[in-house]
Amino acid sequence: HYDAERREGTVVIRDNGSANGLLTLSIILIAGSLLSPRASAQSSVITPEEHFGFIPGSDYMLFNYEELIDYFMKLDKASPLLKMVEIGQSPMGKKMYIAFISSEKNIKNLDKLRDINKALALDSDLSEKEQLENISNGKVFVIATLSMHSTEVAPSQAAPLIAYELITTDDPLITRYLDDVVYMTVPNENPDGMDFVVENYKKYKGTQYEGASLPRVYHKYVGHDNNRDFVSLTQEDIKAIARIYNLDWFPQVMVDKHQMGSNGIRYFVPPTNDPIAENVDAELWAWMGVFGTNMLRDLTNEGLAGVGQKMIFDDYWPGSTTTCIWKNVIGMLTEAASVKEATPVYIEPGELEASGKGLAEYEKSISFPLPWPGGWWHLSDIVKLEIGSTISMIKTASLFKDDILKFRNDICKREVAKGRTQPPYYYVVPGEQADQSELISLAALMTEHGVNAFRLSKNYTLDGINLKEGDI
């Protein structure tokens, strides 16, 4: 009938069997005998429910961008396992961030680990010994970018739960994963739109217009198609995200989290359906299959029905957020069946359909082993899938840590060897242009993509082609 809690160096013991529980003993504690340092740190971390006033994913409840970032900032202050880094701003001036989550040792060594990432990604001349040293000392960086399309609210609403779970867990497996992996997340890719959508939802909640479409676009300049800007890089928020894998952190794995229509499968995980881009390395496609199949297995084993792969989406043109694939990143997509922002929807079994390609009918198949039977579909259902798929990716990255890091440098060596032995070896853009600003813009764009650009210092003739000083 007794239980205990710790309060600043004392243990308060309550007699649950007495009338008023007056028995209190102050005990001198031997350091570490009753409470581990990790447990002590956990006790100071505010829960998502305490911060937002509700459990994220609850029906009819949404938080906005400022509340989201404020929570992550609190976690940054409370835990040595999470670090916030500013990366840029939205078109309307909201600050954007990456949250890094890993072991305390890894968080303290982020700069050193970034150097290792860069060497593995770009140095085709690493010796076998140097490669092995970097693999041994490196960690797999997994980045998740969330809710680029602002009506697709669930990934960002799940972000606080994922962060809290990772930094407070007592699960020794997750702790081990975070020794091998640095999880990076952009909590929301479109801060302006998130606020527009949440404000509109709250305004009409409880009326006939609840969950109705936002009567405006949710990105100031490009509306819904902000993920189509990853080639031309015209928007500040897109530039900020592209810099992560093009120039700054060189993560080995990336997932972009979206939502889709309500009447098909519940959750799409990699790999995609055909066709795929033929100029992408074969092993990179195979790695997508490893991550996606583990997601399918892990989510299905948790009893989360309706998960499918090799359907609906293809990677013939990986030019949106997954432009990272062209930079040798294992880049992936997840898509969840939607609700009306935070309002649940009811799907009759007869309304469930096989749409797109890869699934002939809405029935059990090798790529869709546990169909969802229909019924009520809640925001919390999507949040569970987001949490489970994220933990699965982190687990896979840990299990294959050395293989993934080796692959990153091996593919670098392979691609550079192709560039030295197979045409096209390079492209030459004449320096003499009617519009010099277009030349400068193109060269700047290549640099933003991490492409090496040089200017010829003298005239040169190659195979009968006259190249001039100033050509790029």
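Predicted model: local features only at pLDDT ≥ 70, side-chain atom pairs only at ≥ 80, totals over all residues.

Colleague: Which ring does Arg266 lie over?

Modeller: Arg266 lies over the face of Trp377, 4.7 Å from the ring centre. Arg114 is placed over the face of Trp249, at 4.1 Å from the ring centre.

Colleague: And how do I read two rings together?

Modeller: A pair of aromatic rings is described by the distance of the centres and the angle of the planes. Here the count comes to 14 aromatic pairs. Take Trp287 and Phe400: their ring centres are 5.6 Å apart and their planes stand at 80 degrees, so this pair is edge-to-face, since planes over 60 degrees apart count that way.

Colleague: Where do Trp287 and Phe400 lie?

Modeller: Trp287 is in helix H11 (residues 282–301), while Phe400 is in the loop between helix H12 (379–399) and helix H13 (401–421), so the pair ties together parts that are 113 residues apart in sequence.

Colleague: Is Trp287 buried or exposed?

Modeller: Trp287 is buried, with a relative accessible area of 8%. Phe400 is partly exposed, at 28%.

Colleague: What about Tyr362 and Phe368?

Modeller: Tyr362 and Phe368 also make an edge-to-face pair, with 5.2 Å centre to centre and 70 degrees between the planes. Both Tyr362 and Phe368 are buried.

Colleague: Which residues do ring pairs link into a cluster?

Modeller: Phe52, Phe54, Phe63, Tyr71 and Phe72 are linked that way.

Notes: Residues numbered from 1 in each chain as written. Heavy atoms only, no water. Phe/Tyr/Trp six-rings, centres within 6.5 Å; stacked < 30°, edge-to-face > 60°. Helix = DSSP H or I, 4+ residues; strand = E, 2+ residues; numbered from the N terminus. Buried < 20%, exposed > 50% of the residue type's maximum accessible area, 1.4 Å probe, protein only. Lys NZ or Arg CZ within 6 Å of the ring centre and 35° of its normal.
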